[in-house]
Amino acid sequence: MTTAWSGAALAEAIEAFAPGSVEKSATRDVWLNPNSILVVCEGLKTRSEFRFDLLSSVTAVDYIDHFEVVYHLTSLPMNASAVIKTRVGLGRTDASVPSVVSIWRGADYQEREVWDLMGIRFEGHPNHKRIMLWEGFPGHPLRKDYVTYDQSIETGITASNEDGV
Amino acid sequence: MAIKTQPVTVNLGPQHPSTHGVFRMRVMFDGEEIVDVEPVFGYLHRGSEKLAEERTYTQVVTLTDRMDYVSSMLNNHAYMLAVEKLAGIEPSPRGVWLRMIASELQRIASHLVATGFLLQDLGALGTPLIYAMRERENILDLFEMLCGARITNSYLRPGGVFMDAPDEFWPALKRSLVDILNTIDELETYLSGNEIVFSRTKGTAVLPPELLINASITGPMLRASGVDWDLRHRNPYDYYDKVQFNRILHTASDNYARYWVRVQEMRESLKIIHQCVEQIEPGPVRPSFDEIPRLIRPPVGDAYVAIEGSKGELGFYLVSDGGISPYRMHVRASSLINLTLLRDMLIGGLFGDLFVTFGSVDLNMGEVDR
């Protein structure tokens with residue numbers, strides 16, 4: 001059975017090698033300062049107490065007043081999992097976070113997907129382009145303020161994309 | 001004497017019969033050698049994650065069917081486990097056994113498609129694919145008995161499945177298990193020792209295990225490189241801790257190893273189904289509507305659940321704001337992430353190996369683009 005790191009234990013272990021990087025912790029999650037993502041992830045991957053060699057998933061959630069980038073980590077040798085989160089773009093401006101592609105190559109397409117659909121910039125990504133939608137697509141559809149064509153018919157608010165998609 | 005060549009960029013797809021749907025690549029060739037590859041995604045992007053935000057938790061099942069459309073049951077399964085974790089639902093035992101049977105049948109169907117199309121990509125036009133598809137047809141007939149649908153099943157509900165298997169399902173399943181085993185034997189007789197298959201697949205697109213792990217690649221691709229990582233064994237969900245099966249490993253990590261792992265995994269899935277049939281007991285297939293209403297409102301929070309899909313770790317991340325539909329749904333699509341190393345696999349290889357490598361990755365564009 002995969003053991004999930006509890007938020008408190010993980011926060012303590014991260015603080016031990018990267019002081020000041022943890023903002024808060026909950027039952028299963030740890031919130032990090034976006035500026036310390038690279039240092040913490042490097043430590044989570046290489047340090048012998050974690051060995052998170054597989055990045056399961058990178059995604060983001062739009063919480064209206066800020067965005068949250070969520071990383072699900074798995075350690076194959078320890079059979080353990082952990083969730084780290086970071087809050088970016090407070091006030092919906094300048095949402096950006098350092099890219100972890102240099103640590104886990106598996107983040108490549110997933111970060112591009114988050115940029116494409118949620119509009120969070122990943123600083124240092126080697127190929128920072130849209131992935132699903134085409135270059136020039138107006139807006140980022142998974143944001144809560146994106147108005148789809150159907151929603152514009154129902155509410156009368158102008159659709160974010162005038163092509164009707 | 002070497003002939004001087006000039007690099008040429010060729011566009012492959014999205015309307016190409018060997019691209020497993022609508023995959024597009026811009027490939028730069030120097031003679032027959034591939035010097036650069038750029039995959040272009042998005043031709044099947046339907047915005048499922050956005051659509052899910054406007055549907056109730058039960059309605060979203062229909063969207064998951066259409067993601068990886070050759071393994072809908074597995075998508076249903078992963079999604080329902082995430083909903084159950086989010087809402088704290090205890091599933092009914094009979095429903096769990098039924099969905100395990102459905103999932104393993106679907107895994108066989110998916111691996112059959114992968115194997116059939118790999119051989120099709122190798123140039124064995126028709127015959128192996130027809131053999132594989134004939135058996136998949138059997139499995140789809142079983143699904144039709146279970147839920148009335150063959151491909152877009154929507155069979156699972158929070159806490160189990162929506163209806164019990166009819167009486168005629170069990171003898172039909174028994175017959176099909178024998179037929180499937182015969183077909184696997186037949187395929188293996190023709191293919192696993194076939195010299196053409198050997199010369200075309202052995203030693204091509206070799207990837208070291210450390211690189212695979214670093215690129216988040218899971219499933220048969222990872223096990224073909226000798227890494228013992230199967231979520232059914234390492235993190236057993238449902239009743240996978242009550243069934244015995246072997247983990248199939250190969251060490252070559254080439255196209256042949258990936259083919260071989262899939263074929264052997266079908267045999268293991270058959271074993272799991274036999275054990276499920278032995279252990280299943282009568283009872284309700286899902287909790288009653290008094291216990292779990294049709295409209296569920298999970299408490300505020302988030303949940304991530306991953307299962308061993310046919311192509312790798314298939315995860316669903318759900319966020320609830322306490323309402324009747326997910327605030328956010330994200331799918332960890334193994335087909336997309338397994339393509340991360342496409343450039344490493346193809347660059348330096350020959351044009352003839354391109355589609356073979358592509359077939360051995362086993363991707364589904366419905367899941368890549370969602």
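Analyst: A residue is buried if 20 or more other C-beta atoms lie within 10 Å of its own, exposed if 12 or fewer, and partly exposed in between. A:Asn79 has 13 C-beta neighbours inside 10 Å, and therefore counts as partly exposed. The model is a predicted one.

A:Asn79 sits in the loop that links strand 5 to strand 6 (80-88) of chain A. Its phi is positive, at about 50°, although A:Asn79 is not a glycine.

B:Glu313 belongs to strand 7 (residues 313-320) of chain B. Leaving aside neighbours within four places in sequence, B:Glu313 is in contact with A:Ser56, and within its own chain with B:Thr218, B:Gly219, B:Leu231, B:Ala306, B:Glu308, B:Arg332 and B:Ser334. Is B:Glu313 buried or exposed? B:Glu313 counts as buried because 28 C-beta neighbours lie inside 10 Å. The separation from B:Leu363 is 50 residues in sequence, but 13 Å in space from C-alpha to C-alpha.

In soluble globular proteins, nonpolar side chains tend to be buried together. The largest nonpolar core here has 150 residues, and those that touch the most other members are A:Ile120, B:Ala78, B:Ala82 and B:Phe316. Helix 4 (residues 93-122) of chain B makes the largest contribution to this core, 16 residues. B:Ala82 is in contact with B:Ala303, B:Val305, B:Phe316 and B:Leu318, apart from neighbours within four places in sequence.

Chain B has another residue with a positive phi. B:Ser216 is not a glycine, yet its phi is positive, at about 65°. B:Ser216 occupies the loop between helix 8 (209-214) and helix 9 (220-223) of chain B. B:Ser216 is buried because 29 other C-beta atoms lie within 10 Å, whereas A:Asn79 is partly exposed.

Two other places in chain B round out its description. B:Phe143 is part of helix 5 (residues 127-147) of chain B. B:Phe143 has 20 other C-beta atoms within 10 Å, and so is buried. Not counting residues up to four places away in sequence, B:Phe143 touches B:Ala149, B:Arg150 and B:Asn153. B:Ala102 is 41 residues from B:Phe143 in sequence, while their C-alpha atoms are 7.6 Å apart.

Helix 11 (residues 255-279) and helix 14 (residues 351-361) of chain B pack at an angle of about 35°, and their axes are 9 Å apart. Their crossing is left-handed. B:Asn255, B:Arg258 and B:Tyr259 of helix 11 meet B:Val356, B:Thr357 and B:Ser360 of helix 14. This contact is made up of two nonpolar, three polar and one charged residue.

Back in chain A, the overall layout gives the setting for the strands named above. Chain A contains four helices and eight strands, and its elements run β-α-β-β-α-β-β-β-β-α-β-α from the N terminus on. Its C-alpha atoms fill a box of roughly 55 × 30 × 30 Å along the principal axes. Of the 165 residues in chain A, 44% are buried. Among its contacts between residues at least 6 apart in sequence, 40% join residues at least 24 apart.

Domain 1 and domain 2 of chain A each give six residues to the contact between them. On the domain 1 side, these are three nonpolar, one polar and two charged residues.

Notes
Residues are numbered from 1 along each chain as its sequence is written. Chains are lettered from A and ligands numbered from 1 in the order in which they are written. This is a predicted model: local features need pLDDT of at least 70, side-chain atom pairs count only at pLDDT 80 or more; totals for chains, interfaces and linings use all residues. Two residues are in contact if their C-beta atoms, placed from the backbone, lie within 7 Å. Ala, Val, Leu, Ile, Met, Phe, Trp, Tyr, Cys and Pro count as nonpolar, Asp, Glu, Lys and Arg as charged, and the others, Gly among them, as polar. A nonpolar core is a set of buried Ala, Val, Leu, Ile, Met, Phe, Trp, Tyr and Cys residues joined through C-beta atoms within 7 Å. Axes are lines fitted to C-alpha atoms, for helices over the stretch in contact, and angles run from 0 to 180 degrees between N-to-C directions. A crossing is left-handed if the near helix is turned anticlockwise from the far one by less than a right angle, and right-handed if clockwise.
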